[in-house]
Amino acid sequence: MERILLVAAEGLPFVKSGGLADVIGSLPYEFKKKGYDVRVVLPMYRKIALNWRDKMTHLRSYTVSINYSETPVNLYYYILDGVTFYFIENAGYFEREGLYGYIDDGERFAYYQKAVLEMCNQLDYFPDIMHTHDWHTGMIPAMCKENYNHDPRYRHIKHVYTIHNLAYQGNFPVEMLEPCLGLGHYVFDNGNVRFDGGISFMKSGIVYADKVTTVSPSYAQEIKTPQYGEHLETVLRYREPDLCGIVNGIDINLWNPKTDNLIASNYSLTTYKKGKGKNKTELQKELGLTVDENVMLISVVSRLTWQKGIYLMIEQLFNICSQPIQLVVLGSGEAGLEEKLREAENANKGKVCCYCGYNEALSHKIYAASDLFLMPSLFEPCGISQLISMRYGTLPLVRETGGLRDTVHAYNEYTQEGNGFSFTNYNSNDMMHVLWEAIDVYYNRPDMWKQIVKNAMKTDVSWSTSAEFYLGVFREIAG
């Protein structure tokens, strides 16, 4: 096994809407460090075209059949830090304001997947492993095995399919099966891609891939149950021998309190207290909070949605705001949640700040300034924010689900092990009980707090170990 091709719908530094982009922005470089020929392919969205296309090289122009019409593909490439990125260009499909959420998403990503498979032929480049991600690429293993089964070059490719969030499945009408994907109706009739009367890109990936991974061991177990399985638990249990969870990492060069040029004061494990104090007072000045480096600063950096457990926080806002703490929230999402947080800010001037929107620089400042990071998710396939917070010595308080359970371990004062705080049940009273405990430790047991911070900052949140797990899966199927 030498050649690895990652196929995804987004990736840093080119474009991002969620955690998938962080994975695609980091994982290929870990494979490259270990000596593999690793390449990535992405759609050429409008944002990428505006910011990067002038730096790219045009490789090929060809066509793929969509709705029985030959549709043009322009293929570009760009080498970034030794990794080759390919870009599939079609302005009509991809140069739009957003990435997803359009009525023709099924057709758009059918086109993308067809263009990727034909790219292999055009370049005479056939990877040993094709690593596909989430619903946007879920039909690739099926198309490769059904449409190209006569071609030994495609038959040689082994497929690993990674589920980043099972809740987003790419479910579309069965009518697009043949005209857009080139697949015979029999793959619907035999149940391989059938879902709720239509077809599911996600289900197809699970059924046809040689191995299926997801982004934490706990989530791999959870999605086999009706509570978390999003009506795909039966097929996931069927694939159980080929399903495993590999926890995500983060880019430890990008997220590094020692070198981060977006924060007011750099710090390390030995200087974190002084560094945090300075970052805290600077953030307080910037956000209009009362300046006090000794007050406990609690933060949330998140999409403001039901999945992220924001409702638990809203239920307890009065109790939270009555504590001797400050609260900073950065994120956007459901209008009702944003409104409640703004109301809390207006009622607690100098104590609460809600920044509704996306601000990358501000997120760095918040991680560096905060003492406690609140992440009470209903479900969380892996989560990246808790990994970043630990890197900055900001202790996570999480609900024990998915990747949060696998990465954050409640502190045990007898063994002095553990890197944060956690609660089990999705219940705002349980969350508050643990929050009160954290506040008590912060103010009344500073030596214990210091030990937990030390443990958190020593936690390995890099991609190195996870990449080795992925390579183990690749080697197993590549022989």
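Is Cys356 buried, partly exposed or exposed, and at what relative accessibility? Cys356 counts as partly exposed, at 26% relative accessibility, where buried means under 20% relative accessible area, exposed means over 50%, and partly exposed lies in between (1.4 Å probe, protein chains only). The model is predicted, so local features need pLDDT of at least 70 and side-chain atom pairs count only at pLDDT 80 or more, whereas totals for chains, interfaces and linings use all residues. Residues are numbered from 1 along each chain as its sequence is written, and side-chain values use heavy atoms, with hydrogens and water left out.

**Cysteines**

- A search of the whole structure finds 0 disulfides, a disulfide being a pair of cysteine sulfur atoms within 2.5 Å.
- Cys353 is in no disulfide, and the nearest cysteine sulfur, that of Cys354, is 7.2 Å away; Cys353 counts as buried, at 7% relative accessibility.
- Cys356 is likewise in no disulfide, with the sulfur of Cys354, the nearest cysteine sulfur, 3.4 Å away.

**Parallel strands around β2**

- Strand β2 (residues 37–43) is mostly covered, since 6 of its 7 residues are buried; helices (H or I, at least four residues) and strands (E, at least two) are DSSP runs, numbered from the N terminus.
- Strand β1 (residues 3–7) pairs with β2 in the parallel sense over 5 bridges, where two strands pair if DSSP finds at least two bridges between them, and Arg3 stands opposite Asp37 in β2.
- Strand β5 (residues 83–89) runs parallel to β2 and is joined to β2 by 5 bridges, with Thr84 in β5 as the bridge partner of Arg39.
- Together, β1, helix α1 (residues 19–33) and β2 make a right-handed β-α-β unit; a crossover is right-handed if, with the strands pointing away from the viewer, the path from the first strand over the helix to the second runs clockwise.

**Antiparallel sheet**

- An open sheet of 3 strands has the order β8-β10-β9, with antiparallel pairing.
- β8 (171–172) and β9 (194–195) stand at the edges, each with a single partner strand, so one side of each has no neighbour in the sheet.
- The antiparallel pairing of β8 with strand β10 (residues 198–200) extends over 2 bridges, and Phe172 stands opposite Ile199 in β10.

- Trp306 lies in the loop between β13 (296–301) and α13 (310–315), and Trp306 is partly exposed, with a relative accessible area of 42%.
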